[in-house]
Amino acid sequence: MRRGLVIGKFMPLHLGHIALIRYAALRCDELIVSMSFTPSDPIDASLRFSWIIQTFTDDPKIKPAMVEDNFDDESLPLAERTRIWASFIQRVYPPVDRVFSSEEYGLPLARHLGAEHFMFDSRRNQIPVSASKIRHSPLRYWEFIPQPAKPYFVKKICFYGPESTGKSSMTVRMADLYNTTFVPEVAREMLITNDFSVDDIVRIGTSQYERIQQNVKSANKFLMCDTDAITTQIYSQYYLGTVPPVLYELEKKVSYAHYFLFDIDVPWVGDGLRDLGHLRSEMFSVFKKALDDRNIDYTFVTGHWHQREAIVRATLDKLLV
């Protein structure tokens, strides 16, 4: 039986890793894919490991494994470091006959293990990417990220501000222009009047969060979001005089790459639910203060429709690089 080994941090898993693993699997009866991690890794180890499992679930010969990297000594020369690695591998895994890599550590590691070494695409000619490049500019290297990992790197964009300022229309417009999905203001799907209860507002906040978690899975680089948990808190305070603590917990669960604060310099249009036209300035101040109090950076969106679209697109385009 030929047993192979591929090691790495896979932070994140990308198409270069996948090509290496597929190459190795064709040349083995069993392939151990060993993912090492430390508690301080910038991407959670369990999440990274789930990406590997999802990607290779169709090939039973590929055996993902996860080990804590508490045995390395980066101060040593590569030959000594790989000797330590080999000793650890021999304690943890069954004997391996072949080592597959795209890095210079592959050959000395294979020698220490008494295994044959196979080098794959060391010059990155087939898959011109690295994990560090993806971590630094994920949207620039989007096509090299496998589908299971993409939701982690999606940039969530929040269109934010008081009622009747064009947020919903802009959300849909940007989703169309950037070929991605969006999350509507779920409250408008759940309410027919502004006579609602604390339980209702909790359901609204929870549903908004769940819709984000659902739609991010199919998003392309951006997820356009019409409002957020802060908005739900503001309306809860105004209409009910209280904010259920769960709304603050929901706020902590979603991180937005950028906020767009919409000005009130457009006509107010009533539609049954909108009933704060007489308080536009006051409500705008409440929305703005909520961002300022949290030190959230935002882009101010003002002017007529085409001016607003230009402001939003210019900012989104900067986020792409």
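This is a predicted model: local features need pLDDT of at least 70, side-chain atom pairs count only at pLDDT 80 or more; totals for chains, interfaces and linings use all residues.
Visitor: What does "buried" mean for a residue here?

Guide: Buried means under 20% relative accessible area.

Visitor: How is the length of helix 12 to be read?

Guide: One compares the span of the helix with an expected value at 1.5 Å a residue. Helix 12 runs over residues 280-293, which is 14 residues, and reaches 20 Å from its first C-alpha to its last, close to the 20 Å expected. After helix 12 comes Asn295, with a positive phi near 55°.

Visitor: Which residues of helix 10 are buried?

Guide: They are Ala229, Ile230, Thr231, Thr232, Gln233, Ile234, Tyr235 and Ser236. The elements that cover them include strand 6, helix 9, helix 11, strand 9 and helix 12. Helix 10 has 12 residues and its first and last C-alpha atoms span 16 Å, close to the expected 16 Å.

Visitor: What span should helix 9 have?

Guide: Helix 9 covers residues 198-215, so its 18 residues should span 26 Å at 1.5 Å a residue. Its end C-alpha atoms are 26 Å apart, which agrees.

Visitor: Which residues of helix 9 are buried, and which exposed residues does the face turned away from them carry?

Guide: Ile201, Ile204, Gly205, Gln208, Ile212 and Asn215 are buried. They sit on the same side of helix 9, because their arc around the axis is only 110°. The face turned away from that buried side carries the exposed residues Asp199 and Gln214.

Visitor: What covers the buried residues of helix 9?

Guide: The cover includes strand 6 (155-160), strand 7 (182-183) and strand 8 (222-226). It also includes helix 8 (187-190), helix 10 (229-240) and helix 11 (245-253).

Visitor: How are two packed helices described?

Guide: The description gives the angle between their axes and the distance between the axes. Helix 9 and helix 11 pack at an angle of about 10°, with axes 10 Å apart. These two helices are therefore roughly parallel to each other. On the helix 9 side, the residues that meet helix 11 are Ile201, Val202, Gly205, Thr206 and Tyr209. On the helix 11 side they are Val246, Leu247, Leu250 and Lys253.

Visitor: What is a disulfide, and how many does the count give?

Guide: A disulfide is a covalent bond between the sulfur atoms of two cysteines. The cut-off used is a pair of cysteine sulfur atoms within 2.5 Å, and the count is zero.

Visitor: Which residues are joined by a cis peptide bond?

Guide: Met11 and Pro12 are joined by one, with omega about 5°. Pro12 belongs to the loop between strand 1 (3-8) and helix 1 (15-25).

Visitor: Where are Asp121 and Lys221?

Guide: Asp121 is in the loop between strand 5 (116-119) and helix 5 (131-136). Its phi is near 50°, a positive value in a residue other than glycine. Asp121 is buried, with a relative accessible area of 15%. Lys221 is in the loop between helix 9 and strand 8. The phi of Lys221 is positive too, about 70°, although Lys221 is not a glycine. Lys221 is partly exposed, with a relative accessible area of 26%.

Visitor: Is Gln90 buried or partly exposed?

Guide: Gln90, in helix 3 (residues 78-92), counts as partly exposed at 48% relative accessibility. Not counting residues up to four places away in sequence, Gln90 touches His112 and Leu113. Gln90 and Leu273 are 183 residues apart in sequence, and their C-alpha atoms are 67 Å apart in space.

Technical notes: Residues are numbered from 1 along each chain as its sequence is written. Side-chain values use heavy atoms; hydrogens and water are left out. Helices (H or I, at least four residues) and strands (E, at least two) are DSSP runs, numbered from the N terminus. The expected span of a helix is 1.5 Å times one less than its number of residues. Buried means under 20% relative accessible area, exposed over 50%, partly exposed in between (1.4 Å probe, protein chains only). The arc is that of the directions from the helix axis to the C-beta atoms. Contact means heavy atoms within 4.5 Å. Axes are lines fitted to C-alpha atoms, for helices over the stretch in contact, and angles run from 0 to 180 degrees between N-to-C directions. Angles under 35 degrees count as roughly parallel, over 145 as roughly antiparallel, 65 to 115 as roughly perpendicular and the rest as oblique.
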